[in-house]
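Here is a note for a colleague who wants to go through the model point by point.

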Amino acid sequence: MGFTVHNGTVAASPSTVWNSCFEPMKWETWDPDVKCLESGSGTDSNLELADGRTFYFVMKSGKKLKATLEITKNQRLSYLGCFWGNNGKFEAEILLKATGEDKTDIQYTFGLNGCLGSVLAGITTKSINEGMQKSMENIIRISEDAQKTIREEASQSS
């Protein structure tokens with residue numbers, strides 16, 4: 001399949017995007033396909049975001065997918081994992097780049113690879129694109145709401 005890329009711009013700083021969507025790990029708030037995350041010992045609503053952390057996506061479909069994180073705080077979040085006994089692989093990266101005061105460009109890349117991953121990708125391309133688009137819309141909405149709250153609190157304390 002290769003990779004699918006979605007780009008967006010949000011009226012929020014990279015740190016606001018990071019803190020409102022990723023830290024602690026809050027996938028279920030912005031990814032329409034994720035029910036919750038687990039640490040391996042059960043559902044954990046406040047998993048710490050840490051480079052090298054292994055966790056499980058519990059999908060709304062009921063599937064449970066193990067993944068490992070690579071992060072650079074406020075700049076890059078990536079995760080990779082396998083499914084169907086390592087016959088399928090998934091990989092994603094979210095890049096944040098400040099482009100002005102309280103403005104951030106977001107690049108979200110996702111791909112399915114491996115023997116069965118490539119087959120699945122061909123069948124689910126439309127679904128992947130729709131999920132990524134909805135995820136991007138949610139990240140932007142959540143981040144802009146958080147940035148608005150930060151501005152309001154700052155103006156009230158002035």
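1. Accessible areas come from the Shrake-Rupley method with a 1.4 Å probe, and for residues only the protein chains shown count as cover. On that basis the accessible surface of the chain comes to about 8,200 Å², of which 49% belongs to carbon and sulfur atoms. With buried meaning under 20% relative accessible area, exposed over 50%, and partly exposed in between (1.4 Å probe, protein chains only), 39% of the 158 residues of the chain count as buried.

2. This is a predicted model, in which local features need pLDDT of at least 70 and side-chain atom pairs count only at pLDDT 80 or more, while totals for chains, interfaces and linings use all residues. Residues are numbered from 1 along each chain as its sequence is written, and side-chain values use heavy atoms, with hydrogens and water left out.

3. As to confidence, pLDDT is the predictor's own value for each residue, from 0 to 100; the chain averages 88, and 89% of the residues score at least 70. Among the elements of the chain, helix 1 has the highest mean pLDDT (96) and helix 3 the lowest (85). Where pLDDT is low, the predicted coordinates should not be read in detail.

4. Helices (H or I, at least four residues) and strands (E, at least two) are DSSP runs, numbered from the N terminus. The chain has three helices and seven strands, and from the N terminus on its elements run β-α-α-β-β-β-β-β-β-α.

5. For strand pairing, the criterion is that DSSP finds at least two bridges between the two strands. Strand 7 (residues 103-113) pairs in the antiparallel sense with strand 1 (residues 3-10) over eight bridges, and T9 has D105 in strand 7 as its bridge partner. Strand 6 (residues 88-100) is also joined to strand 7, by 11 bridges and running antiparallel, with T109 in strand 7 as the bridge partner of E93. In the hairpin of strand 6 and strand 7, there are two residues between the strands, and D102 takes a positive phi near 55 degrees.

6. A nonpolar core is here a set of buried Ala, Val, Leu, Ile, Met, Phe, Trp, Tyr and Cys residues joined through side-chain atoms within 4.5 Å. The largest one has 37 residues, and those with the most contacts inside it are F22, W27, F57, L77 and Y79. Helix 3 provides the largest share of this core, six residues. Taking contact to mean heavy atoms within 4.5 Å, and leaving aside neighbours within four places in sequence, W27 is in contact with V34, L37, F55, F57, L69, L77 and Y79.

7. Where does V17 lie? V17 is in helix 1 (residues 14-22), and at 0% relative accessibility it counts as buried. Residues up to four places away in sequence not counted, V17 touches V10, A12, F22, L96, I139 and S143. The C-alpha atoms of V17 and S143 are separated by 5.0 Å, although these residues are 126 residues apart along the chain.

8. N138 deserves a separate look. N138 is placed in helix 3 (residues 115-157) and is buried, with a relative accessible area of 8%. Not counting residues up to four places away in sequence, N138 touches T29, W30 and P32.

9. On cysteines, a disulfide is taken as a pair of cysteine sulfur atoms within 2.5 Å, and the structure holds zero disulfides. C21 counts as buried at 0% relative accessibility, and C36 is buried with a relative accessible area of 13%.
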